[in-house]
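Student: Could we walk through this model together? I'd like to start with how its strands pair up.

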Protein chains: 2
Amino acid sequence: MKNYDIPYKTYLSESELPDKWINVKAFMKSQHDPFLNPATLEPCTAEDLKPVFCDDVIKQELDCTTPYIDIPEEIVSFYKMYRPSPLVRAYCLEKALGTPAHIYYKFEGNNTSGSHKLNSAAAQVYYAKKQGLTSLTTETGAGQWGTALAMATAYFGIDLTVYMVKVSSLQKPYRKAVIETYGAKVVPSPSDTTAAGRAILAKMPETGGSLGCAISEAVETATNTPNCRYVLGSVLDHVLLHQTVIGLEAKKALDKYGVTPDVIIGCAGGGSNLGGLIAPFMADKLQGKTDTDIVAVEPASCPSLTRGLYKYDFCDTGRMTPLARMYSLGSGFIPSANHAGGLRYHGMSPILSKLYHDKYMRAVSVEQTKVFEAAEYFAKTEGILPAPESAHAIKAALDEALECKRTGQAKNILFGLTGTGYFDLKAYMEYNAGNMTDYVPTDAELQKGFASFPDIPQNR
Amino acid sequence: MKNYDIPYKTYLSESELPDKWINVKAFMKSQHDPFLNPATLEPCTAEDLKPVFCDDVIKQELDCTTPYIDIPEEIVSFYKMYRPSPLVRAYCLEKALGTPAHIYYKFEGNNTSGSHKLNSAAAQVYYAKKQGLTSLTTETGAGQWGTALAMATAYFGIDLTVYMVKVSSLQKPYRKAVIETYGAKVVPSPSDTTAAGRAILAKMPETGGSLGCAISEAVETATNTPNCRYVLGSVLDHVLLHQTVIGLEAKKALDKYGVTPDVIIGCAGGGSNLGGLIAPFMADKLQGKTDTDIVAVEPASCPSLTRGLYKYDFCDTGRMTPLARMYSLGSGFIPSANHAGGLRYHGMSPILSKLYHDKYMRAVSVEQTKVFEAAEYFAKTEGILPAPESAHAIKAALDEALECKRTGQAKNILFGLTGTGYFDLKAYMEYNAGNMTDYVPTDAELQKGFASFPDIPQNR
């Protein structure tokens, strides 16, 4: 296939939309360690998870053997409102860089939630509706997950309460407005509506909140409200499963042109986007069919893979959730407030943690001024204003493409452009004004976070 | 073609992108009255326009005979970054309304400028570059045009100064930030950088500015700066010409399924979106091939077609531009500050004015609380948060679909969804909080605007 035969943007037809997710766990030779019930330190059963999560997603969470899982028709119908998403050949970027590399990106920002988060929101809300639930709770930090979930609950007709990190709800009133336009209730967290919130407020009345605290409030409300469950937008296995629609579409589009990516790059906060993008390619790699270089990009200010420990940890700062074995900075780690984008989570998807630990992928960390420099360059050349999260992947892709220019290699680079930056303009303004600084935690600061790991036997 | 054979979204392939714009004037039996030089009251010549506009767009502006005009390859390449735009079958909306109507919309919001404005920005900047110009000036109100132009100037490598209505630059700091991220200079207007700005500031030091005033500043700077021209984002014939890419794509996509729209609906401020959407359909209607019902939707607060006069008027409040015969409320008309969306321009495209005057299209006006009600309903059912401007068309399309429900008619309704509302959330917040009010100018208020028409012979 000649270079110029590949369009700028490839849209699959709606009939080519995946009708099954791919369960990467079914291709892994060894599984990640099981979630543990923090009270008993025994592996979590479906029964343990039932008060918090919907039945169908629990089944998916615990399924390590089914390689392909049907996407219900109702979810496919929802996907058709904004999917298939385009696979873009970055001709303009290649030309501007003067690189022999061929750069592709899968763009997930063409929907009102502004990111890939909608892929799992749609699925989780559908299963909740099917189960006869009447309301859901969640937390949101940057706001993309809250928006996505509000869109899905509006569509399927379920109530939603979003615990929004207080400082975010103040700094991003417009994010709050979008969520409310879709009919969801936004509660700035910590709030006096939960015991967890009241406890934190009593200790720290002036706190701006944190994602971990908002999770604690959302879980508490879900378990105390009849016909209500909690939904989470990243980290967990079922979320990664839903996000595999990204990678499946990308692979199908690339296959049309006979293109095999040499490098796949994605930003990694909780890991759902990266996990979804790489899933079908990773399945091939796990089966020894390919040797694709897979790269997780994380912020230098919150470096769970590159500087964290592979240990059992809580998923929230309130220490209410099951324990997950994952790369983590400790649930007590709080990233510097000067970090502008998302990707502030202390841990990393157990699936990705395991794949990283077993050396099926690598990780790099990037500093935020470099990330915004890449974001601005990308906006000017490709015409899309990226979310700061997505710009982490852009930065790594640019580095890879420039390395190709140096070596003369015409690698196929695929990266995930998870979303748009329309609600991150405060950060862009800081960058434009030259007021943005970098932050890299010292070893001593990391040690403080590590001290928050639960004191349990780690080798099981 | 069966109903369910039409996908939710139809994307043409890139090879189907139009390579010619359609010049609707070449199909009109009689032309709109010529622009007049305000000094001589003689029809404007290309020479008159040369100090202000680029040579190629002047040629397009004055061309009433060439039915199809080539789109240069460089512009087609730019279009490929975000076009073809999807034609969406609004299945979710139809179902929610319970209407037998088939509703289609052409969605122009999937690009960072957030609207159709980029279609003309790309063209105008390309021609400027080709002519060897080094800088451009423009004005922006809501900010979509300024953003679009900043994207195009970043791509083609030309400097840009945007005179942004001062109140907008204060109310929409994030819009300003996007424009600056693309490397353009934003000057809140009125400013002390121009004689026009200084004159207004001397008279009204506290003014928040107006679009008309920003136009005056941009034109003055363009004419006083070497190798600089002024570019305008609506109203003029060449802008409508560039926007015909919308209608041409829409028609090609509908033709694939054998669908002929019975009604075409678009919001109308300066008229470029509506003019572009309807162009190929109007060409058929002008040739007697169809009798499509074509509807312009304007805000009740700024009703140039439904309550204005068809007279020669200035295009700016500073009275520096050529005179255009158009439906206008008078260049001195200032719409109520309580109007949240765009569509605040006092006049209307001369082409659309003529077509309306000759009864080839009709116009309706809608009140803003009804517009936001429609916007919210649309967001919840179709998953896209519309710009307030676009929501005017949504409101009229909903009314049409509900009328079909009453009568049982299965009409094909096509409307233009010009853009997204990510930068209009202040207005959505007002609406969510129940603080939004309607405003309809009284006859006496309209008379004040009418008093600002230039005192020249109107019948030529």
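Student: How many bridges join β7(A) to strand β8 of chain A?

Tutor: First, a caveat: this is a predicted model, where local features need pLDDT of at least 70, side-chain atom pairs count only at pLDDT 80 or more, and totals for chains, interfaces and linings use all residues. Side-chain values use heavy atoms, with hydrogens and water left out. Strands here are DSSP runs (E, at least two residues; helices are H or I, at least four), numbered from the N terminus, and two strands pair if DSSP finds at least two bridges between them. β7(A) and β8 (residues 185–189) run parallel, with A:V165 partnered by A:S189, and the number of bridges joining these strands is 5.

Student: Is β7(A) mostly covered or exposed, and how many of its residues are buried?

Tutor: Buried means under 20% relative accessible area, exposed over 50%, and partly exposed in between, using a 1.4 Å probe and protein chains only. Strand β7 of chain A spans residues 159–165 and is mostly covered, the buried count being 6 of its 7 residues.

Student: Which helix joins β6(A) and β7(A) in a β-α-β unit?

Tutor: Strand β6 (residues 135–140) runs parallel to β7(A), with 6 bridges between them, and A:T140 has A:M164 as its bridge partner. The unit is right-handed, that is, with the strands pointing away from the viewer, the path from the first strand over the helix to the second runs clockwise. The helix is α6(A), residues 144–156.

Student: At what angle do α2(A) and α11(A) pack?

Tutor: Axes are lines fitted to C-alpha atoms, for helices over the stretch in contact, and angles run from 0 to 180 degrees between N-to-C directions. Helices α2 (residues 55–62) and α11 (residues 237–256) have axes 8 Å apart, and they are therefore roughly perpendicular (65 to 115 degrees; under 35 is roughly parallel, over 145 roughly antiparallel, the rest oblique). The angle is about 90°.

Student: Which residues of α11(A) meet α2(A)?

Tutor: Contact means heavy atoms within 4.5 Å. From α2(A) come A:V57, A:Q60 and A:E61, and from α11(A) A:D237, A:H238, A:L241 and A:H242.

Methods: Residues numbered from 1 in each chain as written. Chains lettered and ligands numbered in written order.
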